[in-house]
Amino acid sequence: FAAETALADVGHPQMKHLDFAAGLLAELPAELDAAIHDPRGAAAVVFALLLCADESSDEPALEYLARSRGIDVASTVRELVAMLEPLGPQVRLPIAQLTMSALRQLTPPEFEAFRATVVALVRADRRVSLFEFCLQRLIVKHLRDHFRSRPRAKLVRRHDVASVAQPVAVLLSALAYAGGHDDAAALKSLTAGLTRLPELSGARLLSRDAAGYAPLDEALGTLATATGQVKQVVLAACAATIGHDGRMTLDEAELLRTIADALDCPMPPPAAQLTAGTAV
């Protein structure tokens with residue numbers, strides 16, 4: 001089923017992924033393609049993606065951009081939103097990742113201003129969407145590491161699943177809820193995931209708050225210190241959790257990809273094999 005198939009693609013891009021990339025690039029308006037490859041244009045593309053993903057009115061965010069970044073930036077973002085919206089939600093995260101190369105060319109002060117703007121736009125409606133969480137994890141944190149002035153401290157490795165029991169419970173609970181399931185269905189999904197982790201057979205479904213974005217972010221940071229073998233079995237449990245109902249929605253796919261990326265196991269875009277809300 002879809003989640004298992006997506007996980008099998010880790011480190012092994014297939015022709016379908018190349019076809020998806022080629023098709024995506026071919027669909028982009030020339031102005032959008034040019035922006036993606038320019039550092040300041042790429043920043044504007046990320047701002048526009050955040051506006052596209054927000055169901056509320058764009059005007060307050062555009063007014064904020066005009067005040068904080070200038071009228072020209074706000075005008076550019078408005079134009080980019082009009083280009084991005086027809087492309088659909090399944091390509092938003094892949095497009096965001098296309099901006100990475102250009103964003104690395106920002107100066108450190110420009111990156112800090114970019115990061116602050118992203119945070120402000122995410123917090124503007126006082127709620128964080130799954131797309132916003134994934135974007136910050138996949139884009140901003142990678143860039144933060146790139147612009148980090150000091151080397152990262154050496155990680156203390158966790159060599160067994162039991163040592164990451166609580167982070168795994170957060171991870172699987174978040175995935176169990178990601179498909180829009182009620183608590184009963186989420187419990188079934190979690191149970192399916194735990195079949196891959198007999199060491200954690202007694203784990204329980206956490207509340208939605210306990211498996212929210214802040215605990216999930218912390219859990220991913222802890223799981224990043226696990227060994228490759230532990231990461232492998234945890235990802236298998238993630239796929240089993242999603243795959244319990246035999247389908248994978250776009251939200252589930254993007255969260256699975258974000259988790260895999262956080263565990264240093266990057267996946268090709270699941271959007272290459274699905275559309276929003278459909279099973280594969």
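Biologist: What share of the contacts in the protein with a separation of 6 or more comes from residues 24 or more positions apart?

Modeller: In this predicted model, such residues account for 80% of the contacts with a separation of 6 or more. The secondary structure comes to 15 helices and 0 strands.

Biologist: What makes a residue count as buried, and how much of the protein is buried?

Modeller: Buried means under 20% relative accessible area, and buried residues make up 50% of the 280 residues. The accessible surface comes to about 13,200 Å², of which 54% belongs to carbon and sulfur atoms.

Biologist: How do you know whether helix 4 and helix 9 are roughly parallel or roughly antiparallel to each other?

Modeller: The axes of helix 4 (residues 39–53) and helix 9 (residues 108–123) come within 10 Å and cross at roughly 10 degrees. Angles under 35 degrees count as roughly parallel, and the two helices are therefore roughly parallel to each other. On the side of helix 4, the contact is made by Arg40, Ala43, Val46, Phe47, Leu50 and Leu51. Helix 9 contributes Glu110, Phe114, Thr117, Val118, Leu121 and Val122.

Biologist: What classes of residue make up the contact of helix 4 with helix 9?

Modeller: The contact has 9 nonpolar, 1 polar and 2 charged residues. Two of its members, Phe47 and Phe114, also belong to an aromatic cluster with Phe111 and Phe147.

Biologist: How many aromatic pairs does the structure hold, and why is the pair of Phe133 and Tyr213 called stacked?

Modeller: The structure holds 4 aromatic pairs. A pair of aromatic rings is described by the distance of the centres and the angle of the planes. For Phe133 and Tyr213 the centres are 5.1 Å apart and the planes stand at 15 degrees. Centres within 6.5 Å make a pair, and planes under 30 degrees apart count as stacked, so the pair is stacked.

Biologist: What parts does the pair of Phe133 and Tyr213 tie together?

Modeller: Phe133 lies in helix 10 (residues 130–147) and Tyr213 in helix 13 (residues 213–223), so the pair ties together parts that are 80 residues apart in sequence. Phe133, at 6% relative accessibility, counts as buried, whereas Tyr213, at 30%, counts as partly exposed.

Biologist: Why does Asp217 count as partly exposed, and which residues is Asp217 in contact with?

Modeller: Asp217, which lies in helix 13, has a relative accessibility of 24%. Leaving aside neighbours within four places in sequence, Asp217 is in contact with Phe133, Arg137 and Lys141. The C-alpha atoms of Asp217 and Pro167, 50 residues apart along the chain, are separated by 9.6 Å.

Biologist: How do you know whether Thr241 is buried or exposed?

Modeller: Thr241, found in helix 14 (residues 228–242), has a relative accessible area of 1%. The limit for buried is under 20%, so Thr241 is buried. Not counting residues up to four places away in sequence, Thr241 touches Leu172, Leu175, Ala176, Ser189, Leu190 and Gly193.

Biologist: What makes Asp264 exposed or buried, and what is its phi?

Modeller: Asp264 lies in the segment after helix 15 (250–262). Its relative accessible area is 56%, and exposed means over 50%, so Asp264 is exposed. Asp264 has a positive phi of about 60 degrees although it is not a glycine.

Terms used:
Residues numbered from 1 in each chain as written. Predicted model: local features only at pLDDT ≥ 70, side-chain atom pairs only at ≥ 80, totals over all residues. Heavy atoms only, no water. Axes fitted to C-alpha atoms, helices over the stretch in contact; angles between N-to-C directions. Helix = DSSP H or I, 4+ residues; strand = E, 2+ residues; numbered from the N terminus. Parallel < 35°, antiparallel > 145°, perpendicular 65-115°, else oblique. Contact = heavy atoms within 4.5 Å. Nonpolar A, V, L, I, M, F, W, Y, C, P; charged D, E, K, R; others polar. Buried < 20%, exposed > 50% of the residue type's maximum accessible area, 1.4 Å probe, protein only. Areas by Shrake-Rupley, 256 points an atom, 1.4 Å probe, with all protein chains shown as cover. Phe/Tyr/Trp six-rings, centres within 6.5 Å; stacked < 30°, edge-to-face > 60°.
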